[in-house]
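This briefing covers a single structure, shown below.

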Amino acid sequence: MEIKKQTEFLLLGLTEDPTLQPLIFSLFLSMYMFTILGNLLIILAVSSDPHLHTPMYFFLCSLSLNDICFITSTIPKMLLNIQTQDQSITYTGCLSQVCFVIVFVVLENFLLAVMAYDRYVAICHPLSYTTIMNLCLCVLLVLTSLSISTVEALFDTLMILRLSFCTALEIPNFFCELPQIIKLACSDTPIDNILIYVETCIFAGLPLSGIIFSYIHIVPSILRIPSSEEMHKAFSTCGSHLSVVSLFYGTAFGVYINSAVTHSPGKTAVASVMYTVVPPMLNPFIYSLRNRDMKEAVRKLISRIASLL
């Protein structure tokens with residue numbers, strides 16, 4: 001079998017049934033638009049309301065921006081392929097997609113951990129909150145998370161560059177996913193697979209451990225709050241964050257377990273939708289529906305926009 005370094009991959013998508021392609025196109029276009037509009041609404045609402053210029057909402061804006069970039073790295077190419085009836089993606093395009101997906105997935109992990117730390121300081125050390133969570137530290141935490149994510153993505157991209165690929169380069173998914181790219185390689189890949197497992201433990205396990213550690217201290221502190229109104233507000237903000245954490249890690253672990261127990265390409269592709277599309281789409285709705293301040297800011301923003309039309 002011929003071995004190539006520079007070639008094209010084929011993204012098989014969710015199904016090869018041509019009769020279902022228009023439905024999939026409409027569904028994913030709608031999901032993409034909802035995700036973009038929902039997260040933009042969060043960013044604009046926070047930016048336009050001075051009362052929300054706090055570390056918690058700064059991190060929320062960072063998460064929303066990351067979600068926009070995350071879904072944009074996969075869905076537009078999928079929609080273009082369906083529209084043009086062309087499943088191909090160039091070698092460079094596939095590498096770029098792998099790199100960007102890893103950046104935004106890892107950054108999502110770290111942002112959720114940073115948000116948990118912010119809640120920990122706010123609830124467990126309220127008197128020192130403004131001193132600890134100053135603007136410099138907030139920006140530094142986001143930039144450090146982005147730097148780590150970028151280095152990790154570049155490392156994995158370089159790992160792919162050293163691989164050789166055979167002529168049968170069909171990816172049973174709607175985007176280039178690192179594990180599936182490695183499966184297509186003609187080179188020996190045991191070391192690559194080990195590295196992926198190690199990276200997953202580090203870049204998913206450490207942030208998740210930080211989140212769990214934070215909430216082990218947060219929950220008892222909330223229960224000791226004397227005011228029922230303040231307790232409800234604390235539970236509300238933490239509940240929104242925990243809902244997003246559960247959605248992201250729940251869908252990601254679901255994909256991992258699904259890929260381990262099933263060898264069906266179609267099921268793996270559908271499972272991938274759960275962690276690449278669903279969390280970015282639902283995150284803004286979770287925060288806007290569960291957070292009273294956020295709901296009020298969104299309502300004001302919508303009223304302001306409506307008055308201009």
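Two strands count as paired if DSSP finds at least two bridges between them. By that rule β2 and β5 are a pair, because they share 2 bridges, in the parallel sense. The model is predicted.

**Sheet**

- The sheet is open and has 3 strands, in the order β3-β2-β5, with mixed pairing.
- Its edge strands are β3 (88-90) and β5 (170-171), each of which pairs on one side only.
- Strands of a sheet pair through backbone hydrogen bonds, in either a parallel or an antiparallel sense.
- Strand β2 (residues 8-11) pairs with β3 in the antiparallel sense, over 3 bridges.
- Between β2 and β5 the sense is parallel, and there are 2 bridges.
- On the β3 side, F9 has I89 as its bridge partner, and E8 stands opposite T90.
- On the β5 side, L10 stands opposite E170.
- In a regular strand, side chains alternate between the two faces of the sheet.
- In β2, F9 and L11 make up the covered face, while E8 and L10 make up the uncovered one.

**Disulfide**

- How many disulfides does a search of the whole structure find? The search finds 1.
- This disulfide joins C94 to C176, with an S to S distance of 2.0 Å.
- The pair links distant parts of the chain, 82 residues apart: C94 is in helix α4 (residues 91-124), and C176 is in the loop between β5 and α7 (178-183).
- The torsion about the S-S bond of C94 and C176 is about -120°, so the disulfide is left-handed.
- Are the two cysteines buried or exposed? C94 is buried, with a relative accessible area of 2%, and C176 is buried at 1% relative accessibility.
- Both values fall under the 20% cut-off for a buried residue.

**Other cysteines**

- A disulfide requires two cysteine sulfur atoms within 2.5 Å.
- C61 has a relative accessible area of 16% and is therefore buried, since the limit is under 20%.
- C136 is in no disulfide either, as its nearest cysteine sulfur, that of C138, is 9.2 Å away.
- C136 counts as exposed because its relative accessibility is 64%, and exposed means over 50%.

**Helix α1**

- Helix α1 (residues 21-48) has 28 residues.
- From first C-alpha to last, α1 reaches 40 Å, close to the 40 Å expected at 1.5 Å a residue.
- Which residues of α1 are buried? They are I24, F28, M31, Y32, T35, I36, G38, N39, I42, I43, A45 and V46.

**Surface patch**

- L135, V139, L143 and L146 form a nonpolar patch on the surface.
- Together the four residues have about 350 Å² of accessible area.
- V139 lies in helix α6 (residues 135-161).
- With a relative accessible area of 33%, V139 is partly exposed, because that value lies between the 20% and 50% limits.

Definitions and conventions: Residues are numbered from 1 along each chain as its sequence is written. This is a predicted model: local features need pLDDT of at least 70, side-chain atom pairs count only at pLDDT 80 or more; totals for chains, interfaces and linings use all residues. Side-chain values use heavy atoms; hydrogens and water are left out. Patches are made of residues with over 30% relative accessible area and no salt bridge: like charges are joined within 9 Å, nonpolar side chains (Val, Leu, Ile, Met, Phe, Trp, Tyr) within 5 Å. Accessible areas come from the Shrake-Rupley method with a 1.4 Å probe; for residues, only the protein chains shown count as cover. A salt bridge is a side-chain nitrogen of Lys or Arg within 4 Å of a carboxyl oxygen of Asp or Glu. Helices (H or I, at least four residues) and strands (E, at least two) are DSSP runs, numbered from the N terminus. Buried means under 20% relative accessible area, exposed over 50%, partly exposed in between (1.4 Å probe, protein chains only). The expected span of a helix is 1.5 Å times one less than its number of residues.
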